[in-house]
Amino acid sequence: MNNQFIKHYIQFEEDGLNPTEVSVMSHLYNYGELSIKNNWIKNGMVFVKYLRESLANQINVSKDTITRTVQALEEKGWIVAQRQRNAATVYFLPKYQSDSLVRKTQIASPENANCNQNYTDFNYLHSNTVNTGNDVQTTPVVDRVQQWAKATKQKVGLTFTSIQAIQKFCKNNVEKCKQVVRLILNARNSVAKANRLVKQPVAQFESNQNIINGLAQQLDHIFSYAVKLPQSNYAGYVTNALKAYFTAAFGLETKPVVVKPTVKTTKFNDGKKRIHEELPEWAQDGYEFKADESVDMNKKAILESIISSI
């Protein structure tokens, strides 16, 4: 383990990352200088390539743990993962800084770096605020949020105020924004399908005035509770809350029918409880025991003789 790796490890611990996140980031950053030498830079960002299996073996965790950790690091703005089919994942490191990177004047494309993968073209917006879990740091990050917001408004029909509420909740993480939009669409579609309103104007974001005027405010309200939930639990809460909202926005709420219980009264003559039960003959007063005269006396004598001889 070289000194550079240890330096990164300590720095990430101080930044508040958990042990698995610290290990992943330390391994990625450990190849940062090599990437700069190879001109593996895109739009001012260093990138490295790593197979999920290799990263899991080096850190001694499962591949699923790597997947969850990478997703968490993306949400915190530490990396941007470009997943490739049947190939190593490309990790862009928007916060990676070094003297050699500053001195670098030529920005290499993935093709010049002998990287034969298809990469998404990233653009800078300006210095954007990323919450890393500790202090809020102002760092240059990939601006996909603006493109996502414009596309979402055009394709889905959400208002910009609703989109801004989603961005705020997701801290400008585009992947998480997309997940939240899917939750909104699933909730809307579920209510519409259950009430045969699919593709009807009342179920469309851009034509239902109730949604145009009220969805953004409702999202702010729902998100104010969702942020207090664990990440694995907020999806169910958001979906159920939105189903209730769309039911009202579609005008499907009906007044509750008050059902009064009917009580059948039973009348008694004097309130006393009477038991009508016939007692057996042997339990009745005045009962006298009478021997059974039908007994065979000869057999009785034989039985008594046998018993006495025992």
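So, Glu 74: at a relative accessible area of 12%, this one is buried. Its partner is Arg 83, and the two form a salt bridge with the closest N and O atoms 2.8 Å apart. Bear in mind that this is a predicted model.

How many salt bridges does the count come to? Four. Let me take you through another couple of them.

Glu 21 pairs with Lys 76, and there the closest N and O atoms are 3.0 Å apart. Glu 21 is buried, at 4% relative accessibility, whereas Lys 76 is partly exposed at 24%.

Then there's Glu 53 with Lys 63, closest N and O atoms 4.0 Å apart. That pair links helix 4 to helix 5, parts that are 10 residues apart in sequence. Glu 53 is partly exposed, at 36%, and Lys 63 is partly exposed, also with 36%.

Helix 4 is residues 52-59, helix 5 is residues 63-75, and they pack at about 100° with their axes 9 Å apart. Since 65 to 115 degrees counts as roughly perpendicular, that's what we call them. On the helix 4 side the contact includes Leu 55, Ala 56 and Ile 59, and on the helix 5 side Ile 66 and Thr 67 are among the residues. By class, it's four nonpolar, one polar and four charged.

Last, confidence. Mean pLDDT for the chain is 76, with 74% of residues at 70 or more. Residues 105-142 fall below 50.

Technical notes
Residues numbered from 1 in each chain as written. Predicted model: local features only at pLDDT ≥ 70, side-chain atom pairs only at ≥ 80, totals over all residues. Heavy atoms only, no water. pLDDT = per-residue confidence, 0-100. Contact = heavy atoms within 4.5 Å. Axes fitted to C-alpha atoms, helices over the stretch in contact; angles between N-to-C directions. Helix = DSSP H or I, 4+ residues; strand = E, 2+ residues; numbered from the N terminus. Parallel < 35°, antiparallel > 145°, perpendicular 65-115°, else oblique. Nonpolar A, V, L, I, M, F, W, Y, C, P; charged D, E, K, R; others polar. Salt bridge = Lys/Arg side-chain N within 4 Å of Asp/Glu carboxyl O. Buried < 20%, exposed > 50% of the residue type's maximum accessible area, 1.4 Å probe, protein only.
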